[in-house]
Amino acid sequence: MAESEPLLSGARGGSGGDCRVGRGAPGGPGAEAGWDLCFDQAVVFIEDAIQYRSINHRMDARSMWLYRWYYSDTCQWILSFTIFLILCLAFIETPSSFTSTSDVRYRMAPWNPPCGLTEGIEVLCLLVFVADLSVKSYLVGWVQFWKNLWLLGYLLVLIVSLTDWMVSLSLVCQEPLRIRRLFRPFFLLQNSSMMKKTLKCIRWSLPEMASVVLLLALHLCVFTMLGMLLFTGEKEDDGQDRERLTYFRNLPEALTSLLVLLTTANNPDVMVPAYSKNRAYAIFFIIFTLIGSLFLMNLLTAIIYNQFRGYLMKSFQASLFRKRLGTRAAYEVLSSTAEGDGQPPGVGVKPQDLLQVLQKVQMDRTYKEAIMETVRSHGGSVLSADEFQKIFDELDKRRTKEHPPRPQYQSPFLQSAQFLFGHLYFDYLGNLIVLANLVSICVFLVIDADVVPRNRDDFVLGILNCVFVLYYLVEMLLKVFALGLAGYLSYPSNMFDGLVTIALLVLELSTLAVYRFPHPGWKPEVQGLLSLWDMLRLVNMLIVFRFLRIVPSMKLMAVVASTILDLIKNMRAFGGILVVVYYVFAIIGINLFRGVIVVPPGNGSLAPDNGSVACGSYEQLEYWANNFDDFAAALVTLWNVMVVNNWQVFLDAYRRYSGPWSKIYFVMWWLVSSVIWVNLFLALILENFLHKWDRRSHLQSVSGVLETTCEMSTVELLFRDILEEPAEEELVEKLKRHPHVQLCR
């Protein structure tokens with residue numbers, strides 16, 4: 001569709017307000033409208049740069065209003081909530097997870113929703129996604145829509161989901177398979193640019209990973225054949241024969257045993273029968289482990305790390321290009337407004353024009369103030385393209401939050417008290433009290449370890465707990481007095497302390513009201529899952545996190561702590577990928593293995609000394625709660641397999657209950673979760689830590705401490721120091737090819 005209000009004369013399509021008309025230029029209402037259009041376009045371009053979004057979308061007045069509404073916090077929150085809701089339907093749909101346990105021996109019949117309940121919620125979510133796709137398609141234009149594989153995939157997933165939804169209703173929700181459940185994670189993927197980059201990184205890493213996986217497969221096959229040739233004992237009670245019967249009975253069993261050994265989950269069990277016969281057999285298993293686990297698996301980690309860094313850095317380079325392109329597009333728009341003031345075209349941007357634009361831009365208030373202050377520092381001089389770009393470098397910095405001023409007291413006594421209770425040493429005193437609290441808890445835990453709960457006397461501990469809670473309350477009130485309420489709440493550590501203190505106070509008062517004041521022989525009775533006294537002691541343990549505030553003063557620990565905090569902040573993309581693979585494999589597992597795990601007849605209790613089951617088997621270990629009978633149980637089962645501790649138990653159990661083909665499912669899950677995702681996560685940790693470590697000496701030389709007023713803060717900026725600035729020619733050429741407007745002359 002042609003633009004009705006092109007940015008510059010000669011823009012692609014349509015005719016409308018000419019954005020080159022300056023503020024003081026003649027032209028009447030049309031000129032003023034064209035100037036307003038320029039400013040609105042500059043606002044959108046700057047917002048695109050801030051969010052690393054593409055600028056290739058419609059730029060007429062109506063489309064820009066729709067575009068800004070779509071990316072508003074309210075609209076995005078609705079979309080995120082819809083994605084969350086449709087993903088959560090898996091817990092409610094048949095088979096629902098609404099049971100207290102997933103153990104097949106004790107699980108009651110679950111509540112299943114009536115037909116139409118979850119389907120009604122689902123169709124509302126799908127309609128939201130239809131609206132989302134329609135808005136995106138309109139904004140990018142139909143030509144760009146047919147070139148965008150993610151949008152085409154979005155359309156295909158919606159068509160399949162709506163078709164499958166109608167099939168469900170026509171069969172009164174009795175269909176054996178709901179295909180649309182497998183496609184739900186796509187809605188999460190397509191809504192996150194960072195997840196798309198991570199997925200692209202994985203896709204480009206697959207050829208290199210495949211080469212190592214082939215080496216692993218060859219390694220497994222060679223040693224499997226060697227093992228079957230070695231362990232061919234024919235005598236009863238012979239170590240070779242026991243090794244063959246247990247681990248090398250046939251080719252699939254031998255391959256499975258060595259695959260599990262590759263993860264060290266069955267070491268040294270797998271070699272004990274043969275090793276007990278002759279110690280020389282240990283050489284076979286040691287060589288296999290050295291080559292497979294210590295060499296090939298670590299080589300795979302190195303490849304994933306190298307590819308992750310390389311391709312993810314390219315993705316971040318593209319993000320930087322988008323940011324620079326957006327700010328340059330805003331510069332082109334605003335520089336045109338100066339043409340009517342007797343200045344040559346394209347000379348620069350007037351600071352007052354940029355300030356007016358920034359007032360409309362949706363961004364963090366702290367960054368907006370910093371950028372506007374930088375603009376004002378240029379006075380009345382026109383901003384060049386380089387100066388315009390550098391102004392927005394403020395977005396790459398993390399600002400230290402300024403705390404509200406402390407209250408002003410007239411009384412010398414109150415001033416002295418304010419100084420005393422607002423001093424850092426008062427925090428140290430609080431930390432000592434917390435340490436004493438934790439020591440007292442640990443001492444009583446050790447003392448009461450061998451005492452039956454009903455015979456314990458909590459008199460002394462109850463008195464100490466009252467004293468500690470009272471101190472925390474007084475400390476909180478004194479800090480509010482010294483810092484003021486706003487100043488107290490401006491510190492996250494104080495907010496945490498305050499919440500814990502209030503929770504402790506409420507539980508302490510409730511405990512005293514129910515069980516009276518502690519006295520000799522005082523022992524609160526358990527009512528329900530936990531007594532108020534037990535809840536009080538559990539919440540009291542949260543106070544240990546107060547010690548985290550001393551981390552910045554310990555330089556090496558500060559590097560580690562900041563790495564952990566940045567990982568937590570930037571785990572959305574990697575956590576999202578994990579959610580996607582868990583969701584897909586859980587749905588597949590439910591469809592493949594639902595109901596296959598059943599308790600043997602007449603053996604419902606399955607006592608540990610039952611001689612009818614093999615030692616170390618699924619039944620003997622009582623793994624009955626690990627199954628695929630509902631979505632929640634499937635997630636827990638997949639987690640236990642991902643950890644790979646005793647995962648051979650699951651391989652053996654599902655081979656017996658559902659068939660040997662089930663091993664393919666679990667091996668694929670091991671490859672995707674333990675090999676690929678865990679190594680990706682390890683690569684992120686390494687890159688983040690090395691980045692922090694390399695910057696450590698520089699930050700110390702600049703500020704003397706590790707906490708500075710400006711610091712890289714997002715995962716996109718992890719590679720910021722080594723990214724290359726886009727060339728001027730690249731930006732101009734890209735702007736010339738804008739599909740909807742003509743930005744460069």
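Guide: Happy to. One cut-off to start with: a residue is called buried when its relative accessible area is under 20%, exposed when that area is over 50%, and partly exposed in between. Please also keep in mind that this is a predicted model.

Visitor: Good to know. What percentage of the residues count as buried, then?

Guide: The protein has 745 residues, and 46% of them count as buried. Its accessible surface is about 37200 Å², with 66% of that belonging to carbon and sulfur atoms.

Visitor: And how many helices and strands are there?

Guide: You'll find 27 helices and zero strands. As for contacts between residues at least 6 apart in sequence, 73% join residues at least 24 apart.

Visitor: Let's talk rings. How many aromatic pairs turn up?

Guide: The whole structure has 43 aromatic pairs. Take Phe 231 and Phe 284: their ring centres are 5.8 Å apart and their planes meet at 85°, so this pair is edge-to-face.

Visitor: Where do Phe 231 and Phe 284 lie?

Guide: Phe 231 is in the loop between α8 (193-230) and α9 (239-247), while Phe 284 belongs to helix α12 (residues 282-335), so the pair ties together parts 53 residues apart in sequence.

Visitor: Is Phe 284 buried or exposed?

Guide: Phe 284 has 8% relative accessibility, and since the cut-off for buried is under 20%, Phe 284 counts as buried.

Visitor: Which aromatic cluster includes Tyr 654 and Phe 666?

Guide: They belong to one made up of Tyr 582, Phe 585, Phe 593, Phe 628, Tyr 654, Trp 661, Tyr 665, Phe 666 and Trp 669.

Visitor: What lies over the face of Tyr 71?

Guide: That's Arg 53, at 3.9 Å from the ring centre. Arg 58 also has its charged end over a ring, that of Tyr 138, at 4.7 Å from the centre.

Visitor: Switching to charges: how many salt bridges does the structure hold?

Guide: It holds 28. One of them joins Arg 68 to Glu 47, with the closest N and O atoms 2.7 Å apart. Arg 68 is in helix α2 (residues 61-70) and Glu 47 in helix α1 (residues 28-50), so to speak distant parts of the chain, 21 residues apart. Arg 68 counts as partly exposed at 25% relative accessibility, whereas Glu 47 is buried at 6%.

Visitor: How many residues apart are Arg 107 and Asp 629?

Guide: They are 522 residues apart, and their side chains meet in a salt bridge of 2.9 Å, N to O. Arg 107 is in the loop between α3 (73-92) and α4 (117-140), and Asp 629 in the loop between α23 (572-593) and α24 (631-642). Arg 107 is partly exposed, with a relative accessible area of 26%, while Asp 629 is buried at 9%.

Visitor: Which residues are linked in a network of salt bridges?

Guide: Glu 93, Glu 119, Glu 122, Asp 164, Glu 175, Arg 178, Arg 180, Arg 181 and Arg 184 are.

Visitor: Over to the surface. Which residues form a nonpolar patch there?

Guide: The patch consists of Ile 283, Ile 286, Ile 287, Leu 290, Ile 291, Leu 294, Phe 295 and Leu 299, with about 710 Å² of accessible area together. Phe 295, for one, is found in helix α12.

Visitor: Last topic, the backbone. Where is there a cis peptide bond?

Guide: The bond from Thr 94 to Pro 95 is cis, with omega near 0°, and Pro 95 is in the loop between α3 and α4. The bond from Asn 267 to Pro 268 is cis as well, with omega near 5°; Pro 268 is in the loop between α10 (251-262) and α11 (272-277).

Visitor: And what is the phi of Val 172?

Guide: It is near 55°, a positive value in a residue other than glycine. Val 172 lies in the loop between α6 (149-170) and α7 (180-190) and is exposed, at 52% relative accessible area.

Technical notes
Residues are numbered from 1 along each chain as its sequence is written. This is a predicted model: local features need pLDDT of at least 70, side-chain atom pairs count only at pLDDT 80 or more; totals for chains, interfaces and linings use all residues. Side-chain values use heavy atoms; hydrogens and water are left out. Rings of Phe, Tyr and Trp (its six-membered ring) pair if their centres lie within 6.5 Å; planes under 30 degrees apart count as stacked, over 60 as edge-to-face and the rest as tilted. Helices (H or I, at least four residues) and strands (E, at least two) are DSSP runs, numbered from the N terminus. Buried means under 20% relative accessible area, exposed over 50%, partly exposed in between (1.4 Å probe, protein chains only). A charge sits over a ring if NZ of Lys or CZ of Arg is within 6 Å of the ring centre and within 35 degrees of the ring normal. A salt bridge is a side-chain nitrogen of Lys or Arg within 4 Å of a carboxyl oxygen of Asp or Glu. Patches are made of residues with over 30% relative accessible area and no salt bridge: like charges are joined within 9 Å, nonpolar side chains (Val, Leu, Ile, Met, Phe, Trp, Tyr) within 5 Å. Accessible areas come from the Shrake-Rupley method with a 1.4 Å probe; for residues, only the protein chains shown count as cover. Contact means heavy atoms within 4.5 Å.
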